[in-house]
Amino acid sequence: MALASCNEDSSTLATNSLPDVLVDTTGIGKLSILQFEELNISPDISLEGINESDVSYQWRLYPVPGDTVSEVISEEPNLSGYQIELTPTTGDKRYRVTLTVTDEQNDLEYITAWPLQVLNSLGEGLVVAEATGNGDTDLSLIMSPQVTAGFTKTDIKRHIYSTVNGQTIAGIVKGIQFTQFFRDEVLLAITDNSIVRINTLDYSYTGKNSDLFFYDSPAYHSQHVGVINKSGSYRFYLGNQQLSSMGPGDKQFTAPLDSKINVPTEIAVNKQSSASTIINFYDEENGQFAYLGTFFAFGSNELTHTPSASGQTFDPANVPGKENIAANAATNGNTRHLLKDKKTGEYHLYVLNGEDPPAPLAKYDFADAPEIDNAKHFVLPDNQRVMYYATDTKIYAALYSTSTPVFEERYSAPAGEEITTLQLYHASDYPTAESYLDTDGRQLIMSTYDGSEGRVHLLPITNLGVGNIDEANITSFEGFGRITAIAPQK
Amino acid sequence: MKKINVLVLVIALGAVAFSGCEQNNIMSYQQEYTAVNFLADSTTYSFLGNSEDQYVQEIPLRINGDSSSTDRSFNVEVVDDSLTTAEASDYKIGESTIPAGQFEGILPVTLYKTDKLSQMTLSLHLRITPSADFEEARIEDRDFVLRWTNKVVLPPWTFYRVFFTSSSSTTAYQLIVQVTGLTELGFPEIREYGQNGLIALGRQFGDYVKQYNLDHPDDPLIHEDGPAKGELIEPIYYTQSKFD
C-alpha cells in the first residue's frame with residue numbers, strides 16, 4: 001500500500017465524461033488564396049454539451065512556413081474578411097492557419113489546423129505610380145479587359161508597394177519598365193536620382209542604384225529605362241546622360257558606354273529585333289544627330305554621330321541650335337524627332353531612316369500646331385504618322401502623312417481635370433510577343449488629376465493614321481493620387 | 001529476533017515510500033545568476049580593402065538570465081598569455097553595456113592599422129570577468145580571441161591581367177580589392193560576374209587609378225613590388241572619353 005501511494009488516481013475518468021467540441025472541416029480542405037484577397041473560413045463547430053458562453057475562439061496565422069511564430073487574427077467563431085498580405089508561397093512551403101476552440105469550464109483546447117497556400121494575384125495590367133504628397137511614390141495595379149489578356153472584370157490593387165514593403169519609394173517615379181531578371185519578373189522604376197528594382201511576384205523591393213550596377217556611379221540622375229531586342233533582350237538605363245545596358249546573361253547593368261556624346265532624355269528606341277540601329281537622338285551640344293548600332297559587345301556598340309548627307313531635306317550632321325522635345329522609332333525603323341529651335345521657337349519634326357548609318361528622310365514644319373508651346377506631353381506612335389501632344393486639358397493630333405502636316409484637336413479632358421501623363425498602350429513584351437490584345441497600339445493611356453483625385457482613362461483610337469478618339473467608349477479608373485507614370489506589366 | 005527484522009524492514013520501506021512523494025519546487029529565476037557571455041570564440045579581421053587607419057570590431061555578447069530595466073555594465077580583461085600578441089598601442093577596448101530591456105550587447109574594440117600588420121597577424125585574448133551587474137560567465141563562453149592583419153597574399157594573376165592590370169603587385173591587388181571589393185578572381189567569379197561584369201569592375205578600377213594620378217601628378221600609383229616594381233600601374237580598362 002505504501003508503494004502504491006504515488007499512483008495517479010484515475011478512478012473518476014470512467015464516470016465523469018467531458019463534453020466535446022467538433023470542428024467539421026468538410027468542404028474547406030487545403031486553403032489556397034490569391035495574395036491581397038480576403039480569407040474567409042466558416043467551419044461547422046458543434047459544441048456538444050457546452051454552453052456557447054463557456055467557449056472562446058482564437059484564429060492564428062503562422063506567417064513563416066515551418067516556424068512556430070504566430071499572430072492572433074480573429075477571436076470570432078468564423079474567420080471573416082482577413083486580407084492576406086503574405087508573399088506568395090513557393091514550392092511545397094505553406095503558411096498555416098489554426099483555430100483553437102477553448103472549453104473554458106474544463107480548460108480544454110481543441111485545435112484545428114489548415115495549410116495555407118498564397119498565389120500571386122498581380123498579373124498583367126497597368127502599373128500606376130502615384131505621388132503620395134510628401135515627395136514619395138506608391139504603386140498600384142489595374143487589371144482590366146483592355147490591358148489584361150483573358151480578364152473579364154476590373155480589379156485594382158491599390159498601394160501594393162507600400163502594403164508589401166511597409167514604405168513608399170523615395171522620390172517621384174517618372175518611368176517604369178517591366179522586364180525579366182533571370183527567373184524573376186521585375187519592374188525597374190526611375191526617379192530623378194535613383195533606379196529601384198521591384199519583384200512583381202509580390203512587389204517586394206529587391207535593390208536600388210549600386211545594387212543594380214557592376215560599375216558604381218557617384219550619382220544616378222535617371223532619365224530613361226527601357227528594353228531593346230536586337231541580339232537578344234537588353235535592358236538599358238539612361239542616366240547621367242550615359243547609356244548602360246544589361247544583356248541576356250548579365251546580372252547587373254554594365255559600365256556605361258564610353259563616349260563623349262551626352263545622351264538626352266528624348267531618344268528614339270527601336271525595339272524590333274531586326275533593327276539596324278537601336279537608339280537615335282539629337283545631340284544638342286554638337287547640333288547633330290547621333291545613333292547606336294547595338295549594345296552587343298562584338299558589334300558597333302559605340303555612340304556615333306550620324307554622317308553628313310548633302311542635298312537631302314536636311315543634313316543630320318548640321319542641325320545647330322535645337323532643343324529636344326520628343327522622339328520615337330516607328331515599326332519600319334524610321335526615327336522621328338520633334339525639335340524646337342532655341343532662337344526662333346519654331347518646331348520641326350525630323351525623320352530619319354533606321355539604317356546604319358541613318359539617312360535623313362523628311363522634315364515637317366509644325367509652326368501651325370495650335371498651343372504646342374503649352375504642350376507638356378508628346379506621343380509619337382510607332383504605327384501611324386500621327387503625333388499627339390497634350391496641354392493641361394487638351395489633346396491635339398498632328399497628321400504628317402502629307403508634305404504639309406494637318407493639326408486637329410482630338411480630345412478635351414473632363415472639366416477640372418488636368419492631364420498628368422499621356423502615352424500609347426503597348427503590352428510590356430511588345431513587339432516580340434506572339435499575340436497581343438486588340439487594344440495594343442490602339443488606345444491612349446491618359447491620367448488626370450483634379451486636385452484631390454487621380455484617374456486613368458483609356459482612350460480608344462478608331463482610325464489609325466488619323467488618330468480619332470472614340471470618346472463614347474473611354475474607360476476610366478478612379479481613386480488614385482496624382483499619377484506620375486504608367487507602365488504595362490505581365 | 002525475526003519479528004524485529006521484519007519491523008525494521010517495514011519501517012524502512014515506509015520511509016522510502018513517503019520520501020519518494022516529496023514535491024520538488026521548480027527553481028525560479030534569481031537575479032544574481034545573471035551572466036554575460038561571448039557568442040563566438042574568435043574572429044579575424046583583415047584591413048585588405050579598407051583604406052582607413054583604424055577599424056572598430058564589434059564583438060557580440062548575450063546574457064543568460066532576464067533583461068533589466070537599467071543599463072548594466074560588464075568587465076572584460078586582456079589575458080596576458082601566448083594568445084595575446086598585440087601591444088596596448090595596437091588597440092583600444094571601448095566601453096559598452098547591456099542596454100536596458102535587451103538580452104544582447106556589443107563590445108567595440110578599435111584596431112589600429114600599424115606598419116607591423118603588413119608582416120604579421122596580431123591577436124588579443126579577451127575574457128569576461130565578474131562585475132557588479134553580472135556573475136562569472138560560462139567557462140566555455142567567457143574567452144574570445146580577436147585577430148587582425150593587413151598581410152596580403154597575392155592570388156594567381158591569371159585573370160587579373162585580363163581585366164585589371166597586366167603586372168601583379170601587392171599595390172595593385174590592394175587597390176582592386178579597395179575599389180571593387182573583389183578579393184578573388186577565378187572561374188567562380190567569372191561565372192558570377194560574367195565578362196561584361198568584370199570589364200565593368202576593371203573600368204571602375206581603371207577610372208580610380210586614372211583619377212588618382214590626375215589628382216596626384218607628383219605621386220602617381222606605382223607597383224611597389226612584383227615584376228613591374230617602380231612602374232606605373234596601367235589599367236586595362238578605363239573611361240577613355242574622360243581620361244584620354
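1. In this predicted model, A:Phe236 has A:Ser245 of strand S20 as its bridge partner. The two strands concerned, S19 (residues 234-239) and S20 of chain A, pair in the antiparallel sense, and 5 bridges join them. Between S19 and S20 lies a loop that holds A:Gln241, a residue whose phi is positive, about 60 degrees, although A:Gln241 is not a glycine. Because A:Gln241 has 15 C-beta neighbours inside 10 Å, it counts as partly exposed.

2. These strands belong to an open sheet of 3 strands in chain A, whose order is S18-S19-S20 and whose pairing is antiparallel. Strand S18 (222-228) and strand S20 (242-246) stand at the edges with a single partner strand each, and therefore one side of each has no neighbour in the sheet. On average, and with direction ignored, neighbouring strands of this sheet are turned by 20 degrees against each other. In the loop between strand S17 (204-208) and S18 of chain A sits A:Asn209, which is not a glycine and yet has a positive phi of about 45 degrees. A:Asn209 counts as partly exposed, because 17 C-beta neighbours lie inside 10 Å.

3. Strand S10 of chain A (residues 125-131) deserves a separate look, since it is mostly covered, with 7 of its 7 residues buried. S10 of chain A is joined by 7 bridges to strand S37 (residues 482-489) of chain A, and the two run antiparallel; within this pairing, A:Ala131 stands opposite A:Arg482. S10 also pairs in the antiparallel sense with strand S11 (residues 136-143) of chain A, over 6 bridges, and here A:Glu130 stands opposite A:Asp138. S10 and S11 of chain A form a hairpin with 4 residues between them, and A:Gly133 in the turn has a positive phi of about 100 degrees.

4. Chain A as a whole has 1 helix and 37 strands. Its radius of gyration is 30 Å, whereas the globule rule gives 23 Å for 490 residues, so chain A is more spread out than a compact globule. The C-alpha trace of chain A spans about 120 × 50 × 40 Å along its principal axes. Of the 490 residues of chain A, 40% count as buried, and 53% of the contacts with a separation of 6 or more are between residues 24 or more positions apart.

5. Two cis peptide bonds in loops of chain A may be checked by eye. One joins A:Asp356 and A:Pro357, with omega about 5 degrees, and A:Pro357 lies in the loop between strand S27 (347-352) and strand S28 (360-365) of chain A. Another runs from A:Tyr430 to A:Pro431, with omega near 0 degrees, and A:Pro431 is placed in the loop between strand S33 (418-424) and strand S34 (443-449) of chain A.

6. The loop between H4 and helix H5 (240-243) of chain B contains B:His223. Is B:His223 buried or exposed? B:His223 counts as buried, because it has 20 C-beta neighbours inside 10 Å, and 20 or more is the cut-off for that class. Leaving aside residues up to four places away in sequence, B:His223 touches several residues, among them B:Ser167, B:Thr171, B:Ala228 and B:Ile233. B:Ser167 is 56 residues from B:His223 along the chain, and their C-alpha atoms are separated by 8.3 Å.

Note on methods. Residues are numbered from 1 along each chain as its sequence is written. Chains are lettered from A and ligands numbered from 1 in the order in which they are written. This is a predicted model: local features need pLDDT of at least 70, side-chain atom pairs count only at pLDDT 80 or more; totals for chains, interfaces and linings use all residues. A residue is buried if 20 or more other C-beta atoms lie within 10 Å of its own, exposed if 12 or fewer, and partly exposed in between; C-beta atoms are placed from the backbone. Two strands pair if DSSP finds at least two bridges between them. Axes are lines fitted to C-alpha atoms, for helices over the stretch in contact, and angles run from 0 to 180 degrees between N-to-C directions. The radius of gyration is taken over C-alpha atoms; the globule rule is 2.2 Å times the number of residues to the power 0.38. Two residues are in contact if their C-beta atoms, placed from the backbone, lie within 7 Å.
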